[in-house]
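Subject: Structure handover

Dear colleague,

Here is the structure we spoke of, with its sequence. My notes follow below it.

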Amino acid sequence: MNFMPPDFAPAYPEIFLLVMVCVVLLADIAWGEKKPYVAYLLSQITLLGCALITFGTSVPGVVYTFSGMFVDDAMADILKMLVYITVATVLVYSRAYISVRGMLSGEFFSLALFATLGMMVMISASHFLTLYLGLELLSLSLYAMVALRRESAAATEAAIKFFVLGALASGFLLYGMSMIYGATGSLNIARVTEVIQGGVSNHAVLVVGLVFIVAGISFKLSAAPFHMWAPDVYQGAPTAVVLFIGAAPKLAAFGFVMRLLVEGMGAMVADWQGMLVILAVMSMMIGNLAAIAQTNIKRMLAYSTISHMGFMLLGFIATDENGYSASMFYVVVYILMTLGTFGMIMLLSREGFEADKLDDFKGLNRRNPWYAFITLLLMFSMAGVPPTVGIYAKLSVLQAVLSAGYIWLAVVAVLFSLIGAFYYLRIVKLMYFDEPETDAPILPESDVKLLISANGLAILAFGLFPQALMALCAYAIQQSI
């Protein structure tokens with residue numbers, strides 16, 4: 001037998017990250033108590049190294065390795081670069097918050113890096129097994145991160161709910177994959193596509209498998225009616241962990257949907273398109289209506305996320321390149337908004353105080369006009385108010401769904417978007433027209449101050465000049481399908 005060793009080059013970023021996670025853990029054991037920032041600095045260096053390796057090893061076209069289980073293409077490279085930037089930003093925003101709460105340790109950073117590795121594997125998977133391995137590595141890391149504050153009853157409760165419901169969703173996904181395997185005889189995504197296109201004798205088995213797969217994906221996206229974990233986890237978990245859960249994994253989930261539904265089950269588009277229509281409408285309805293009643297801003301943002309995922313699914317319903325690139329653009333814009341919003345919540349929090357109530361934003365303009373303006377930009381973007389980039393994100397998916405002939409769905413989306421504008425603009429009203437409940441100074445570190453300002457201004461800049469980001473998303477999809 002001639003054994004051909006696999007080409008490791010496409011997986012160099014993942015290999016480097018895995019080695020560096022071990023280094024972070026060992027460094028924390030050696031110097032963690034005396035120098036707690038060592039793990040933080042090593043984590044940022046790791047993400048920078050991954051970005052350089054990804055850039056250096058990227059090649060035109062599509063490259064498969066590990067017997068077709070791992071793929072490297074333009075979409076994978078761009079999504080990975082966005083994941084590195086997102087995770088690095090999360091760590092910068094979180095540093096002061098976790099430091100005063102006793103969470104600035106190697107455990108937090110190693111779990112964040114393990115979760116990042118899971119996302120990278122999901123993005124580059126071209127086989128059902130690698131998809132599932134990446135998903136579980138991400139999920140298990142997130143469960144542990146939610147439970148990091150062992151003395152917090154709310155965090156422990158959130159972690160248990162997250163774990164139990166996550167295990168159920170993983171079971172759905174595995175059962176769906178096993179049905180697909182039973183009908184096609186393969187776990188390789190490219191081979192599954194060939195078999196389905198060639199005609200399968202038992203189409204009913206495929207459809208049942210597809211239903212379970214879509215249910216599992218919906219849980220990971222926190223799309224209704226599989227959203228029940230999100231509000232409790234967002235409210236109970238430490239804000240730094242909520243920011244991590246709400247940001248980078250959405251990029252991996254987008255890649256997961258692209259690999260599994262678009263590339264793997266593309267021939268069954270007529271079956272899953274209808275399922276996504278139901279998920280999108282339910283997500284927009286439940287997310288926007290439930291958010292109105294919330295007084296806890298983290299819980300409100302959880303329902304907001306559910307509605308945003310409904311909007312993101314509109315692009316997939318279009319089932320063409322424009323639709324997929326519109327969905328990718330929406331995810332990137334959503335992450336930009338999420339980073340800034342949770343960054344502001346952590347900025348207003350201090351030792352012994354969590355700024356997680358809507359009333360904590362009262363009179364922010366009098367306390368600090370600049371941060372009030374940044375928050376205003378973020379809320380306007382989430383509501384889809386010009387000239388912020390949120391309006392283009394919504395327009396791009398609406399245009400895609402209109403081109404697919406779903407006029408009624410676009411009308412429903414606009415109506416729910418109008419309802420959603422209420423609870424975003426309510427925060428603007430609290431900041432500018434109400435009296436502050438405290439006069440505690442807001443004193444972030446200089447790098448956080450610079451980054452959150454850049455984050456807010458990026459919302460405005462991309463709103464005025466969205467073409468570059470749209471073109472990047474379109475390029476990623478065109479080169480990969």
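There are 16 aromatic pairs in the structure, where rings of Phe, Tyr and Trp (its six-membered ring) pair if their centres lie within 6.5 Å. In one of them, the ring centres of Phe316 and Tyr324 are 5.8 Å apart and the planes stand at 45 degrees, so this pair is tilted (planes under 30 degrees apart are stacked, over 60 edge-to-face, the rest tilted). Phe316 is buried, at 0% relative accessible area, and Tyr324 also counts as buried, at 7% (buried is under 20%, exposed over 50%, partly exposed in between, with a 1.4 Å probe and protein chains only). One aromatic cluster consists of Tyr143, Phe162, Phe163, Phe219 and Trp229.

The model is predicted: local features need pLDDT of at least 70 and side-chain atom pairs 80 or more, while totals for chains, interfaces and linings use all residues. Residues are numbered from 1 along each chain as its sequence is written, and side-chain values use heavy atoms, leaving out hydrogens and water.

Helices H5 (residues 128-146) and H11 (residues 248-264) pack with axes 11 Å apart, at an angle of about 160 degrees (helices are DSSP runs of H or I, at least four residues, numbered from the N terminus; axes are lines fitted to C-alpha atoms over the stretch in contact, and angles run from 0 to 180 degrees between N-to-C directions). H5 is therefore roughly antiparallel to H11, the term for angles over 145 degrees. Phe128, Leu131, Leu135, Leu138 and Leu142 of H5 make the contact with Pro249, Phe256, Arg259 and Leu260 of H11 (heavy atoms within 4.5 Å).

Regards

Note on methods:
Helix = DSSP H or I, 4+ residues; strand = E, 2+ residues; numbered from the N terminus. Parallel < 35°, antiparallel > 145°, perpendicular 65-115°, else oblique.
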